[in-house]
Amino acid sequence: MKLHFTDENLESIKHRCLVVFADRDGNVLNGGPAFAELLAPFVESGEFGRSFKDEIFLTEPKAVAAQRVLFFNVGKKIKGADDYRKSSARAWKSLRKKRIKDVLVSVAGLNEAETRAVAEGFFLGDYNFTELKTKKENLPVKLENLTFHGAGSHADAIARWQIACGGTNRARDLYQLPANILNPVTLSEKALAWGEEFGFKTTVMEEDEMRELGMGSLLSVSQGSVLPARMMIMEYEPENPSGKTFCFVGKAVTFDSGGLSLKPSAGMAEMKNDMGGGATVLGIMTCLKAMNCPHRVVGLVPSVENMPSGSATRPSDVVTSLSGKTVEINNTDAEGRLILIDALTYAERFKPDYVMDFATLTGACLVALGPKCMAVMGNHKPLVDAVLKASEETHELFWELPLIEEYEELLDSDVADISNISSTRWGGTITAGLFLKEFAGDYQWAHCDIAPAMFEKEADYHPVGGTGIGVRMTLSLLEKGV
Ligand code: BES
Ligand code: ZN
Ligand code: ZN
């Protein structure tokens with residue numbers, strides 16, 4: 001998608017198609033009086049507005065130079081930037097059904113957050129996963145040219161967030177790929193290719209090295225699969241370093257059958273998305289150079305397939321993690337935490353200031369917060385607050401959960417240092433967080449449980465199944481600092 005900017009008089013721009021937002025009372029939000037006049041008769045007749053029709057599409061309107069004008073109804077009132085994000089995504093989805101590929105939109109008078117949101121609606125709404133469709137002729141058209149009117153000093157922000165949405169869309173592609181195509185090996189090949197393309201160094205750790213280092217916890221998860229484990233180590237070095245190092249760790253279980261603690265078949269198919277945390281980290285990495293991120297960033301993505309077999313880990317097995325601590329595996333379906341802890345220990349060698357992990361870790365997170373909100377917890381309040389602030393801005397909702405010390409004893413094991421599951425089913429997201437905390441090194445750490453993101457329904461700028469959640473939030477956090 002190519003971006004263009006213009007400051008000409010909106011009414012006299014001879015463009016193929018202009019999008020104008022208006023509330024249901026006919027108040028035009030991003031266009032002058034000529035547009036309000038064009039819309040007025042439709043508001044009066046009830047065709048636009050209170051009848052809750054979404055739009056009025058005019059062909060060759062007299063008073064203005066644009067060939068087509070789409071008046072898009074934003075509803076009662078725009079309540080915040082995200083309403084712009086939703087509106088532009090929905091307006092675009094309507095235009096693409098008409099096979100229009102060039103769009104003009106005015107952002108004159110909007111503030112930076114609103115301008116960004118209008119742009120993001122187009123960038124994110126244009127996403128479709130078509131890689132596995134062979135009948136290419138029926139696919140939705142792509143937005144080829146997007147022109148912003150009146151962007152002024154926000155033009156740079158638009159261009160930056162096009163990059164961030166590109167990273168989100170790449171993460172979404174990874175979510176969509178099924179586990180017979182995306183596995184630890186093919187994912188690591190992707191990380192190598194993207195490293196070349198987007199300016200970071202990728203090293204792929206194989207099982208022999210994991211064994212030598214002592215990553216017994218990570219290896220215990222992959223040992224039931226015919227596919228080997230991999231760990232992607234991705235390093236981005238800024239040109240003008242801020243002096244801070246961020247490390248992002250992402251759970252990438254390319255399929256989580258539960259292992260011998262086998263999941264019920266209903267819903268098991270969704271577990272192809274259990275690599276969502278890894279997808280988030282890869283998506284972030286692809287944006288850093290283009291966005292000129294000033295911080296050193298290390299991405300760590302441990303990746304395995306969790307399968308039942310004769311060589312699989314048995315409930316009650318005890319393994320030794322990279323930290324040296326022993327773990328009793330009482331449920332092989334609590335595998336995400338087992339791969340994360342070895343990565344969290346490994347992170348220490350990069351001497352990071354901040355470590356954030358992303359993981360589709362617990363079903364309990366959905367029970368606690370529902371399908372639209374993710375959980376964050378950690379050992380450093382300013383980092384957790386930075387997540388909450390950034391998530392508000394990008395509307396990837398997070399809520400802080402407490403790491404309650406009194407719950408630590410729920411993870412006691414009779415035979416090892418710690419058990420991988422709690423002795424109670426209550427508070428499962430918190431006890432998973434407490435398990436990770438036991439292995440977080442001497443750094444400031446936040447854990448993001450993004451399990452709810454696995455169940456995204458198609459809406460506005462979200463595609464079905466896998467939202468690439470966390471990419472924009474983290475890039476925003478990196479921009480502002482902690
Ligand atoms: N990948 C799942 C978490 C999950 C479950 C995400 C449902 C989205 C929806 C994770 O590996 C898992 O199975 N967790 C168990 C932990 C339990 C055994 C302590 C869970 O949440 O049931
Ligand atoms: Zn599991
Ligand atoms: Zn899992």
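This is a predicted model: local features need pLDDT of at least 70, side-chain atom pairs count only at pLDDT 80 or more; totals for chains, interfaces and linings use all residues.
Strand 2 spans residues 18-22. Of its 5 residues, 5 are buried, so strand 2 is largely enclosed by the rest of the structure. In a regular strand the side chains alternate between the two faces of the sheet. Both faces of strand 2 are covered. L18, V20 and A22 are buried on one side, and V19 and F21 are buried on the other. Strand 2 pairs in the parallel sense with strand 4 (residues 68-73), over 5 bridges. Within this pairing, V20 has F71 as its bridge partner. Strand 2 also runs parallel to strand 5 (residues 102-106), joined by 2 bridges. Here V19 stands opposite V105.

An open sheet is formed by 3 strands in the order 12-13-17, with mixed pairing. Strand 12 (317-320) and strand 17 stand at the edges. Each has a single partner strand, so one side of each is left without a neighbour in the sheet. Strand 13 (residues 326-329) pairs with strand 17 in the parallel sense over 2 bridges. V327 stands opposite I418 of strand 17.

Side chains of opposite charge can pair when their charged atoms come close. The model contains 28 salt bridges. One of them joins K86 and D82, with an N to O distance of 3.4 Å. Both residues belong to helix 2 (residues 81-97); because they are 4 residues apart, about one helical turn separates them. K86 is partly exposed at 29% relative accessible area, whereas D82 is buried at 8%. K86 and D82 are also part of a network of salt bridges with R85, R116, E120, E393, R472 and K480.

R90 forms a salt bridge with D460, with the closest N and O atoms 4.0 Å apart. D460 lies in the loop between strand 18 (444-449) and helix 13 (471-480), 370 residues from R90 in helix 2. R90 is partly exposed, at 33% relative accessibility.

A further salt bridge links R296 and E237, with the closest N and O atoms 3.4 Å apart. R296 belongs to strand 11 (residues 296-306), and E237 to the loop between strand 8 (230-236) and strand 9 (245-250). These two residues are 59 residues apart. R296 is partly exposed at 21% relative accessible area; E237 is exposed at 51%.

D414 lies in the loop between strand 16 (398-400) and strand 17 (418-419). D414 is exposed, with a relative accessible area of 83%.

Methods
Residues are numbered from 1 along each chain as its sequence is written. Chains are lettered from A and ligands numbered from 1 in the order in which they are written. Side-chain values use heavy atoms; hydrogens and water are left out. Buried means under 20% relative accessible area, exposed over 50%, partly exposed in between (1.4 Å probe, protein chains only). Two strands pair if DSSP finds at least two bridges between them. A salt bridge is a side-chain nitrogen of Lys or Arg within 4 Å of a carboxyl oxygen of Asp or Glu.
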